[in-house]
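Please have the sequence and the model open.

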Amino acid sequence: METKDIKRDEFVINVGPQHPSTHGVLRLELWLDGEDIIDSKPHLGYIHRGIEKMSEALGYKQFIYLTSRMDYLSAHMNNQACSLAIEKGLQVEAPPRAQVIRVLMAELSRLASHQLWWGALGLDLGAVSPFFYAFREREMILEIFEETCGSRLTMNYITPGGVINDLHPDFVKKVKKLIEQLKGNLHEYYQLLTGNVILQARTRGVGKLTAEDAISLGCTGPVARASGVKCDVRKLHPYDGYDKVEFEEVLNDKGDNFARYWLRIEEMKQSIHIIEQLIDNIPEGSYREKLKGIVKLPAGEYYQRVETARGELGVYIVSDGKKEPYRVRFRTPNFSNLNALRPMLKGAKIGDMVSMMATLDLIIPDIDR
């Protein structure tokens, strides 16, 4: 829809690029008739950094860590996808100990990401307290990351061949304490938000996304699974030993805001279940295969996908045999999930826009690379 198409009594407003509900520098153009949304259009480019082009000027062991700055709440999984793509080219496999460490770090990241989303969703809908409850356990996870990885958010830990360092001596003890506390406190998530009458009113039957739209728009992760679409990469294309642990792909066919909310809460339980299976069974041995200082992939094309906290991340590398990749392309989950916003907003009330944005759980630097 273009501005010239506006009829009498209709008008256009901009939301963002600096707006609390966009959780980043995203500008939405909304066509309105009173409080009804006629159409919407996202405008990107406010945080574009050219990460894919920058990757072509760096070595294979270096460009990986630019991806920690895309979806920064899935930094471990982003690094894991790049490392697996490079390992395909080198025809090497990370040692069993490194694979288990990678899965543990990925699931801890998923928990931390979903906790931040849960707290921020409460804030978006006017509830302040959940944010503090969510950060209680999230802070424990960030401390575990800091001890082993040296940083709390944009980690640079997973590398081709394994992980950079072995686990901190207190890792197992602190993860067990975290899981015990989280399981004991999970009922508070239901008491504070899930059963809240305001949350129910603003999420049930609001922001519906059909399975057909989710598939045609390329949505993945909790957004697609809440519309009944099976798409969990950990199940469909297992990597790093996900086929050796038991967990369920959580699905819901309602497709509304509440389905996306409920699904992430259930996914937290599945992450806890995966961590419980692995934390007492971390294999002994090496945590990294020894690779050459400068890695060169044989000429060819390599692709790897992983399941991040927001869906499928794909890493495509073209090598011409030199020490830098010839071309790098990232298929990021947030870019596709953003496209779901237009059909969800069409015909909705402007007051429901914030709750729809909140349940999509967008990370804008992952859209604008």
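Which residues in α11 meet which in α14? Asn257, Arg260 and Arg264 in α11 meet Ser355, Met356, Thr359 and Leu360 in α14. Contact here means heavy atoms within 4.5 Å.

The model is predicted, so local features need pLDDT of at least 70 and side-chain atom pairs count only at pLDDT 80 or more, while totals for chains, interfaces and linings use all residues. Residues are numbered from 1 along each chain as its sequence is written, and side-chain values use heavy atoms, with hydrogens and water left out.

**Helix α11 with helix α14**

- Ala, Val, Leu, Ile, Met, Phe, Trp, Tyr, Cys and Pro count as nonpolar; Asp, Glu, Lys and Arg count as charged; the others, Gly among them, count as polar.
- Helix α11 spans residues 257-278 and helix α14 spans residues 353-360. Helices are DSSP runs (H or I, at least four residues), numbered from the N terminus.
- Their axes come within 9 Å and cross at roughly 30 degrees. That makes α11 roughly parallel to α14.
- Axes are lines fitted to C-alpha atoms, for helices over the stretch in contact, and angles run from 0 to 180 degrees between N-to-C directions. Angles under 35 degrees count as roughly parallel, over 145 as roughly antiparallel.
- The crossing of α11 and α14 is left-handed (the near helix is turned anticlockwise from the far one by less than a right angle).

**Helix α6 with helix α4**

- The axes of α4 and α6 (residues 171-194) come within 13 Å and cross at roughly 30 degrees. α4 is thus roughly parallel to α6.
- This crossing is left-handed.
- α4 brings residues including Leu104, Leu108, Leu111 and Trp118 to the contact, and α6 brings residues including Phe171, Val175 and Leu178.
- The contact of α4 with α6 has 13 nonpolar, two polar and no charged residues.

**Helix α6 with helix α5**

- α5 and α6 pack with their axes 10 Å apart, at an angle of about 165 degrees. The two helices are therefore roughly antiparallel.
- α5 passes α6 in a left-handed crossing.
- Among the contact residues are Tyr133, Arg136, Glu137 and Ile141 of α5, and Lys174, Lys177, Gln181 and Glu188 of α6.
- The contact of α5 with α6 divides into 13 nonpolar, three polar and six charged residues.

**Cavity**

- The structure holds one cavity of 30 Å³ or more. On a 1 Å grid over the protein atoms alone, a cavity is a set of points where a 1.4 Å probe fits but cannot get out; lining residues have an atom within 4 Å of a point.
- About 70 Å³ of space lies in the largest cavity. Grid points are joined across faces, edges and corners, and a volume is the space filled by probe spheres set on the points.
- Its lining includes Tyr72, Ser109, Arg138, Phe145 and Arg152. The elements giving two or more residues to this lining are α4 (96-124) and α5 (129-149).
- Seven nonpolar, two polar and two charged residues line the largest cavity.

- The largest pocket has a volume of about 210 Å³. A pocket is an open set with protein on both sides within 12 Å along at least five of seven lines.
- Of the 16 residues lining the largest pocket, His23, Ala120, Asp361, Leu362 and Ile363 are the closest to its centre.
- α4 and α14 each give two or more residues to the pocket lining. α4 gives the most, with five residues.
- The pocket lining has 10 nonpolar, three polar and three charged residues.

Note on methods:
Angles under 35 degrees count as roughly parallel, over 145 as roughly antiparallel, 65 to 115 as roughly perpendicular and the rest as oblique.
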